[in-house]
Amino acid sequence: MATGRWVVLDVGETLIDETRVFATWADVLGVPRFTLAALMGGMIARGQPFSDALAALAPDWHQRADEVERAFGGFAASDLYPDALRALAGLRAAGLRVAVIANQPAVRDAQLRLLGVEPEVMAMSEALGVAKPDPAFFAAALDLLGRPDPGHVAYVGDRVDNDVRPAAAAGLRPVWIRRGPWGLLHRDDGGDAALEVRSLDELVDRVGELWPPVPGGRGAASTA
Ligand SMILES: [Mg+2]
């Protein structure tokens, strides 16, 4: 039975392994994939946008985006982290409502659905007209969920700057998934994450920790 609790999932490096996205960028820009990956790691470690790595290789990189998208061809099943679909099912089985709301082009919505990612609510930043870490993104997300108590909403993402910190500021329960370059290089200096996990499998195992049962009250999993 569904509770009033939501788990909202990010896409890049949460549900989707972005290896092929950035391999495609390297191929289109005509540089070794290793060069782009290492440059991106340097930018992330310095707190700079990853797009600075693209700009370092090609100042006109944003004019190549359409070419990259054609070569990439959209998300494929092999881009999903192996635990992605399992986690959606596991969270639902735990009585939680599941949404996917992330910084992505609008076309990713239909692509994810074709791969079997079918949450109760799905929205991409391009369609919303607002992106993380803007507080308006999280306000729009709460609107899409029907304005639940923000404390009853977990936001799961790999980045401290775009996911953990702004989700905490919006009153949501941030879950930091520590995989991918951002998840491994960032530091949660403010201790904003309500929960840190290494995988979505671990999230399913530990999601109950987000809403511990109130002593003498009803358990988290049965609280409407
Ligand atoms: Mg991400």
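# Metal site, pockets and local geometry

Both Gly 12 and Asp 158 are buried (under 20% relative accessible area, with exposed over 50% and partly exposed in between; 1.4 Å probe, protein chains only). The model is predicted, so local features need pLDDT of at least 70 and side-chain atom pairs count only at pLDDT 80 or more, while totals for chains, interfaces and linings use all residues. Residues are numbered from 1 along each chain as its sequence is written, and side-chain values use heavy atoms, with hydrogens and water left out. Helices (H or I, at least four residues) and strands (E, at least two) are DSSP runs numbered from the N terminus.

**Magnesium site**

- The magnesium ion has Asp 10 (OD), Gly 12 (O) and Asp 158 (OD) as its protein donors, at 2.1 to 2.2 Å. Donors are N, O and S atoms within 2.8 Å of the metal (3.2 Å for Na, K and Ca), and sites may look incomplete because water is not among the atoms.
- The spacing of these donor residues in sequence is D-x1-G-x145-D.
- Gly 12 sits in the loop between strand E1 (6–9) and H1, and Asp 158 in the loop between strand E4 (153–157) and H9, so the pair ties together parts 146 residues apart in sequence.

**Largest pocket**

- The volume of the largest pocket is about 910 Å³. A pocket is an open set of points on a 1 Å grid over the protein atoms alone, where a 1.4 Å probe fits, with protein on both sides within 12 Å along at least five of seven lines; lining residues have an atom within 4 Å of a point. Grid points are joined across faces, edges and corners, and the volume is the space filled by probe spheres set on the points.
- Its lining has 31 residues, and those closest to the centre are Glu 18, Phe 50, Asn 103, Gln 104 and Pro 105.
- Helix H1 (19–29), helix H3 (51–57), helix H4 (65–72), helix H7 (125–128) and helix H9 (160–169) are the elements that give two or more residues to this lining. H4 gives the largest share, five residues.
- The lining of the largest pocket divides into 13 nonpolar, eight polar and 10 charged residues. Ala, Val, Leu, Ile, Met, Phe, Trp, Tyr, Cys and Pro count as nonpolar, Asp, Glu, Lys and Arg as charged, and the others, Gly among them, as polar.
- Domain 1 (6–16 + 78–222) and domain 2 (19–72) each contribute at least three residues to the lining of the largest pocket; the bounds come from an automatic or database domain assignment.

**Second largest pocket**

- The second largest pocket has a volume of about 290 Å³.
- Among its 16 lining residues, Glu 18, Thr 19, Phe 22, Ala 37 and Met 40 lie nearest the centre.
- H1, helix H2 (33–46) and helix H10 (180–185) supply at least two lining residues each, and the largest share, six residues, comes from H2.
- By class, this lining holds 10 nonpolar, two polar and four charged residues.
- Domain 1 and domain 2 each provide at least three residues of the lining of the second largest pocket.

**Aromatic pairs**

- There are six aromatic pairs in the structure. Rings of Phe, Tyr and Trp (its six-membered ring) pair if their centres lie within 6.5 Å; planes under 30 degrees apart count as stacked, over 60 as edge-to-face and the rest as tilted.
- The ring centres of Phe 22 and Phe 50 are 5.4 Å apart with planes at 80°, so this pair is edge-to-face.
- Phe 22 is in helix H1 and Phe 50 in the loop between H2 and H3, so the pair ties together parts 28 residues apart in sequence.
- Phe 22 is buried at 14% relative accessible area, whereas Phe 50 is partly exposed at 28%.
- Phe 72 and Phe 75 form an edge-to-face pair, 6.1 Å centre to centre with 85° between the planes. Phe 72 is buried at 5% relative accessible area, and Phe 75 is buried at 10%.
- Phe 22, Phe 50 and Trp 182 are linked into a cluster by ring pairs.

**Backbone and proline details**

- Most residues other than glycine have a negative phi, and most peptide bonds are trans.
- Glu 13, not a glycine, has a positive phi of about 65°. Glu 13 lies in the loop between E1 and H1 and is buried at 5% relative accessible area.
- Arg 147 also has a positive phi, near 55°. Arg 147 lies in the loop between H8 and E4 and is exposed at 65% relative accessibility.
- Lys 132 and Pro 133 are joined by a cis peptide bond with omega of about 10°; Pro 133 is in the loop between H7 and helix H8 (135–144).
- Pro 166 is located in helix H9 and is buried at 12% relative accessible area.
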